[in-house]
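Notebook open, model loaded. I'm jotting down what I look up as I go.

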Amino acid sequence: MKTIGVLTSGGDSPGMNSAIRAVVRNAISKGCKVMGVQRGYEGLVNGQLEELNISSVADIIHRGGTILKTARSEEFRTEEGRKKALNVIKVFDIEGMVVIGGDGSFRGAEKLSQLGIPTIGVPGTIDNDLAYTDYTIGFDTAMNTVVDAISKIRDTSASHGRANIIEVMGRHCGDIALYAGLAGGAESIVIPEVGLDIDQVCRKLIKGKNRGKLHSIILLAEGVGGAIELGNIIEEKTSIETRATILGHIQRGGSPTAFDRILASKMGAKAVDLLMEGQGNLVVGIKGNQVFAMDIGEALSQEKKLDYDTYDLADILSM
């Protein structure tokens, strides 16, 4: 294989640049040229490509976001759009692709493989919502961003004797709220997998207040509902002053943690190794601290399950 392409797609996540760097430098070390695709599948359809060299990826391992930019492509979802992308791939003599992104990006990677282009998926999403792998690139950084926010909000919450709801990302997967809530000592964690028991949340707040607790933190995943609306209900039911903070896209930004940089480097390099071995239609992941590969379709068919042991532990420790 003499030329491979790399793109980032879907929501950006800290560590994507680390993965791009690993793809480029590992490929070049093996005598392979790398074409970077701008703006994901949309750029692939429109021919927005440029060659990446060692200098192109210098000083990016610590940067958040993605130097290749990202976008969602409705055109690539169509058969005509995928034919355009395939023509672009052939024009640039690309023999294999590395796609960094989440489940939607992986479905696109599967389509490319079906068109005869060996493609490897690298999991880059802060939600940690891909069941086949223990961790996705960006999750650790996002979790630490939330933990930092909890610490700051707790300071002001304690000063005023308030309850504070922090709304974090996670429409279908509550891992950010769960793990950040445990690490940050949140009193209540509300996630999509379990749902909202408003009476339980209110009971915990009232019990805490009765024993002299000055403040409380509630972690709310966006998939359950809105923080402002929940705050209004809590105030009405408990008469405890409640404030809401919506962290939003701050969770996607920032310099990736050491964990995410290392994870991305290992996964990006592994993707290149697989292509050079002539393999495709695979995704890389990590289990038991070992990087592995599996079929894209098999990976996407696995159901993400809640870590109930961690959820129960967080509840016990928040009494």
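Is Ser239 buried or exposed? I looked it up: Ser239 counts as exposed because its relative accessible area is 64%. My cut-offs are under 20% relative accessible area for buried, over 50% for exposed and partly exposed in between, with a 1.4 Å probe and protein chains only.

Ground rules before I go on. This is a predicted model, so I take local features only at pLDDT of at least 70 and side-chain atom pairs only at pLDDT 80 or more, while totals for chains, interfaces and linings use all residues. Residues are numbered from 1 along each chain as its sequence is written, and side-chain values use heavy atoms, with hydrogens and water left out.

**Positive phi**

I checked the backbone at Ser239 and found phi near 65°, positive in a residue other than glycine. Ser239 sits in the loop between helix H8 (227–238) and strand S9 (242–246). Helices (H or I, at least four residues) and strands (E, at least two) are DSSP runs, numbered from the N terminus. Asp59 is another non-glycine with a positive phi, about 60°. I placed Asp59 in the loop between strand S3 (49–52) and helix H3 (79–91). Asp59 is exposed because its relative accessibility is 64%.

**The core**

Next I went to the largest nonpolar core, which has 30 residues. Such a core is a set of buried Ala, Val, Leu, Ile, Met, Phe, Trp, Tyr and Cys residues joined through side-chain atoms within 4.5 Å. Among those with the most contacts inside this core are Ile4, Val6, Ile20 and Val98. Elements supplying at least two of its residues each include strand S1 (3–8), strand S4 (96–101) and helix H9 (258–276). H9 gives the largest share, seven residues.

I listed what Val98 touches, skipping residues up to four places away in sequence: Gly5, Val6, Leu7, Val23, Ile120, Val122, Ala271 and Leu275. Contact here means heavy atoms within 4.5 Å.

Pro123 in strand S5 came next. Pro123 is buried because its relative accessible area is 0%. Beyond four places in sequence, the contacts of Pro123 include Phe106, Tyr132, Met267 and Val284.

**Ala293**

I found Ala293 in strand S11 (residues 290–295). Ala293 is partly exposed because its relative accessible area is 32%. Outside four places in sequence, Ala293 contacts Leu274, Leu282, Val283 and Val284.

**H6 against H11**

Which residues of H6 meet H11? I get Leu178, Tyr179 and Leu182, and they meet Thr310, Tyr311, Leu313, Ala314 and Leu317. The axes of H6 (residues 175–184) and H11 (residues 308–317) come within 10 Å and cross at roughly 35°. Axes are lines fitted to C-alpha atoms, for helices over the stretch in contact, and angles run from 0 to 180 degrees between N-to-C directions.

I also looked at Thr310 in H11. Thr310 is buried because its relative accessibility is 13%. Leaving aside neighbours within four places in sequence, Thr310 contacts Leu178, Tyr179 and Leu182.
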